[in-house]
Amino acid sequence: CFEPVLRLLRMLYGRAPIPFQTLNFLPGTEQGLHSDVMHFSSIPSRFMCGVWVALEDATLENGPLRYVPGSHRFSEVQLDALGVWAEEEGPKLGASYARYERYLEALVPLQGLPVKQLVVKKGGALVWAANLLHGGSPITRAGSTRRSQVTHYFFEGCIHYTPVYSNASLGEIYLRKVFDIQHRRRVEPSLNGEPLDATPIGGGRYHLARARRGFWF
């Protein structure tokens, strides 16, 4: 992990960053606009971010990153607010997540926010907050690559969970098993540093309570 990035994240978030996932891309993803917060979230909220780095020049032809400035200020929305239940863990997401995507698509023009493309030289980087809408632009030069890497970070002293698999308003939390790839250790979930007890209720979900003792799940 690159120490200047870790210092920046410590300054921005006031907590120690936990790099837990790295993804590498050869061509541009051409992925639709989406938010990481439905997949990677925390209690307290918004202690998650992504750091994307261009490993070659990102141009208008090779499918540059798209993002929506200001969308990181949107309120976090749980699936029950959209009238649907959590998805069940599996290889694909279904109707509940599709409704969430339609909600985001409608929200951007409603708020009058622009969609921008990130054209940068090799070595350029973007830090995005958990709720920032982002995706990939169409590739207009056939066969072109857009080598890049993104590292996802949580932060210490939080409950790390997956909202798309959680019924959060009922206290049914799908906990993530977080591994700190910098220090090569499992991260025990806590609430502002206070340990928790977790009662499994099936489907990877737990009911949480203040701990009588620390736990690993």
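**Exercise 1.** Which residues line the second largest cavity?

*Solution.* This is a predicted model, in which local features need pLDDT of at least 70, side-chain atom pairs count only at pLDDT 80 or more, and totals for chains, interfaces and linings use all residues. Residues are numbered from 1 along each chain as its sequence is written, and side-chain values use heavy atoms, with hydrogens and water left out.

Step 1. On a 1 Å grid over the protein atoms alone, a cavity is a set of points where a 1.4 Å probe fits but cannot get out, and lining residues have an atom within 4 Å of a point. The lining of the second largest cavity consists of V37, M38, E76, V77, Q78, Y100 and P163.

Step 2. Five of these lining residues are nonpolar, one is polar and one is charged. Here Ala, Val, Leu, Ile, Met, Phe, Trp, Tyr, Cys and Pro count as nonpolar, Asp, Glu, Lys and Arg as charged, and the others, Gly among them, as polar.

Step 3. The volume of the second largest cavity is about 40 Å³, where a volume is the space filled by probe spheres set on the points, and grid points are joined across faces, edges and corners.

**Exercise 2.** State how many cavities of 30 Å³ or more the structure holds, and describe the largest cavity.

*Solution.* Step 1. There are two cavities of 30 Å³ or more, and the largest has a volume of about 60 Å³.

Step 1. Its lining includes S35, F74, S75, L104 and N131. Helix α2 (residues 95–111) contributes the most to this lining, with four residues; helices (H or I, at least four residues) and strands (E, at least two) are DSSP runs, numbered from the N terminus.

Step 2. By type, the lining of the largest cavity holds eight nonpolar residues, three polar and one charged.

**Exercise 3.** Describe the largest pocket and its lining.

*Solution.* Step 1. A pocket is an open set with protein on both sides within 12 Å along at least five of seven lines. The largest one has a volume of about 240 Å³.

Step 1. It is lined by 18 residues, of which L23, F25, Q31, H34 and H134 are the closest to its centre. Two or more lining residues come from each of β1 (17–25), β8 (133–136) and β9 (148–155).

Step 2. Seven of the lining residues are nonpolar, nine polar and two charged.

**Exercise 4.** Is S137 buried or exposed? Describe its surroundings and those of L65.

*Solution.* Step 1. S137 lies in the loop between β8 and β9. Its relative accessibility is 0%, so S137 counts as buried (under 20% relative accessible area, with exposed over 50% and partly exposed in between, for a 1.4 Å probe and protein chains only).

Step 1. The side chains of S137 and Q117 are joined by a polar contact of 2.9 Å, that is, a pair of N or O atoms within 3.5 Å; within protein, one must be able to donate a hydrogen and the other to accept it, and residues adjacent in sequence count only if both atoms are side-chain atoms.

Step 2. Beyond its neighbours within four places in sequence, S137 is in contact (heavy atoms within 4.5 Å) with E30, G63, P64, L65, R66 and Q117.

Step 3. L65 belongs to strand β5 (residues 65–67) and counts as buried because its relative accessibility is 5%. Residues up to four places away in sequence aside, L65 touches W52, K116 and W128, among others.
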